[in-house]
There are 2 protein chains.
Amino acid sequence: MPEGRPVNVPDDGLTTRQRRQRPLVVVHTGDGKGKSTAAFGLALRGWNQGWRIGVFQFVKSAKWRVGEQTVLERLGRLHEETGEGGPVEWHKMGSGWSWARKQGDAEDHAAAAAEGWAEIKRRLAEETHDLLVLDEFTYPMAWGWVDAEDVVRTLAARPGHQHVVITGRRADPRLVAAADLVTDMTKVRHPMDAGQKGQRGIEW
Amino acid sequence: MPEGRPVNVPDDGLTTRQRRQRPLVVVHTGDGKGKSTAAFGLALRGWNQGWRIGVFQFVKSAKWRVGEQTVLERLGRLHEETGEGGPVEWHKMGSGWSWARKQGDAEDHAAAAAEGWAEIKRRLAEETHDLLVLDEFTYPMAWGWVDAEDVVRTLAARPGHQHVVITGRRADPRLVAAADLVTDMTKVRHPMDAGQKGQRGIEW
């Protein structure tokens, strides 16, 4: 929701409309819940605008499937059937990236992460999507599998009008500095503190 | 995503499964972005589980319509057509609650908020929904339009298995203390700081 007027109006030669339309880099970080959920919520919102949505999950497990994947892929098919909303692609690292012809060594997470980022760079250059969600992408950066400098440079130079949302704990300070919108999801209380494990529908 | 094992296993006589299935009160508070977006993301996830979803927006404007409303209502119609997912109801205070037969005085926000809460209490008693999102419900509590003690008591005594997600800044400390899962969305950087206004697809 709009929450008031801008505090400072910059002297950048842009009209309010041009500034308003600027594509954003959004980062959801912190130890609390809601980082990915809010990112998938943005994908939902973007779908409703007719945007071409691309989700790239840098997760460990091949078997993992969140409810949002089912729903967003269903909305993608709805787009194909009725023209409502926009097209949706959802790719996961764990099972081998779905665009890759041959499956790589699933155990080599560093190589898989680097391969994922290389494909995302190609798509950014080709302007394949209007909104890209790079879920848990902070971890391969933190572990040195993907060069944070390269990410920041690539995002700064991306052509056209592509929004990029990156989630995960311990976001690189250079990424935080380069982002337009950064939210830190801070844990105040979590059911696991009271001995409760995750449950279907809430955690996935 | 599951993020590890519980730190403490409580001596409450419940099995892990019983504890796991416990219905939750979730609070998204703080000054940052993502409170409502993550709540609607949970609704999406719940829809995918076949849950009966009820969203109640305690917002000021009658005209406001977020993209999530369009998409979740579309998913509700998909449920009616194909049986996929669950049913969805979305109610807004601004235009007069849609269940109310006669429209009240739209200017009397205090009365409208109290009326909204009274209906939610009835629905909780009747177990109408499996997941209720009370969007921006912290404000009528903060302003004394809805009694926070009554909210905490009602939530503690709710029957069956109903998850309740409450969003908004400045959550009442009694609500925070009573909730199972609390996340504070902390603003690190926001485009409005750089003179940018909200934009379609990102902010709504």
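Q: Is strand E4 of chain A mostly covered or mostly open, and how many of its residues are buried?
A: In this predicted model, strand E4 of chain A, residues 131-135, is mostly covered, with five of its five residues buried.

Q: Which way do those side chains point?
A: A:Leu131, A:Val133 and A:Asp135 point one way from E4(A), while A:Leu132 and A:Leu134 point the other way, and all of these are buried.

Q: What does E4(A) pair with on the E2 side, and in which sense, parallel or antiparallel?
A: Strand E2 of chain A, residues 53-57, pairs with E4(A) in the parallel sense over five bridges; as one example from that pairing, A:Gly54 has A:Leu132 as its bridge partner in E4(A).

Q: And how many bridges join it to E5(A)?
A: Four bridges join E4(A) to strand E5 of chain A, residues 163-167, and these two strands run parallel. Within E5(A), A:Ile166 is the bridge partner of A:Leu134.

Q: What about E4 and E5 in chain B?
A: Strand E4 of chain B, residues 131-135, is joined by four bridges to strand E5 of chain B, residues 163-167, and the two run parallel. There, B:His163 of E5(B) is the bridge partner of B:Leu131.

Q: How many strands form the sheet, and in what order?
A: Twelve strands form an open sheet with mixed pairing, in the order E3(A)-E2(A)-E4(A)-E5(A)-E1(A)-E6(A)-E6(B)-E1(B)-E5(B)-E4(B)-E2(B)-E3(B). The edge strands are E3 (88-92) of chain A and E3 (88-92) of chain B, each of which pairs on one side only, and from one strand to the next the twist averages 15°.

Q: Switching to helices: at what angle do the two H2 helices pack?
A: Helix H2 of chain A and helix H2 of chain B, residues 35-48 in each, pack at about 80° with their axes 7 Å apart. Because angles of 65 to 115 degrees count as roughly perpendicular, H2(A) is described as roughly perpendicular to H2(B).

Q: Which residues make that contact?
A: On H2(A) they are A:Thr37, A:Ala38, A:Gly41, A:Leu42, A:Leu44 and A:Arg45, and on H2(B) they are B:Thr37, B:Ala38, B:Gly41, B:Leu42, B:Leu44 and B:Arg45.

Q: How do the H3 axes cross?
A: The axes of helix H3 of chain A and helix H3 of chain B, residues 67-82 in each, come within 12 Å and cross at roughly 80°, so H3(A) and H3(B) are roughly perpendicular to each other. The contact involves A:Val71, A:Arg74, A:Leu75 and A:Leu78 from H3(A), together with B:Val71, B:Arg74, B:Leu75 and B:Leu78 from H3(B).

Q: Now the whole of chain A: how many helices and strands are there?
A: Chain A has seven helices and six strands, following the pattern α-β-α-β-α-β-α-β-α-α-β-α-β along the sequence. Of its 204 residues, 55% are buried, and it exposes about 8900 Å², of which carbon and sulfur atoms supply 49%.

Methods: Residues numbered from 1 in each chain as written. Chains lettered and ligands numbered in written order. Predicted model: local features only at pLDDT ≥ 70, side-chain atom pairs only at ≥ 80, totals over all residues. Heavy atoms only, no water. Buried < 20%, exposed > 50% of the residue type's maximum accessible area, 1.4 Å probe, protein only. Areas by Shrake-Rupley, 256 points an atom, 1.4 Å probe, with all protein chains shown as cover. Pairing = 2+ DSSP bridges. Axes fitted to C-alpha atoms, helices over the stretch in contact; angles between N-to-C directions. Parallel < 35°, antiparallel > 145°, perpendicular 65-115°, else oblique. Contact = heavy atoms within 4.5 Å.
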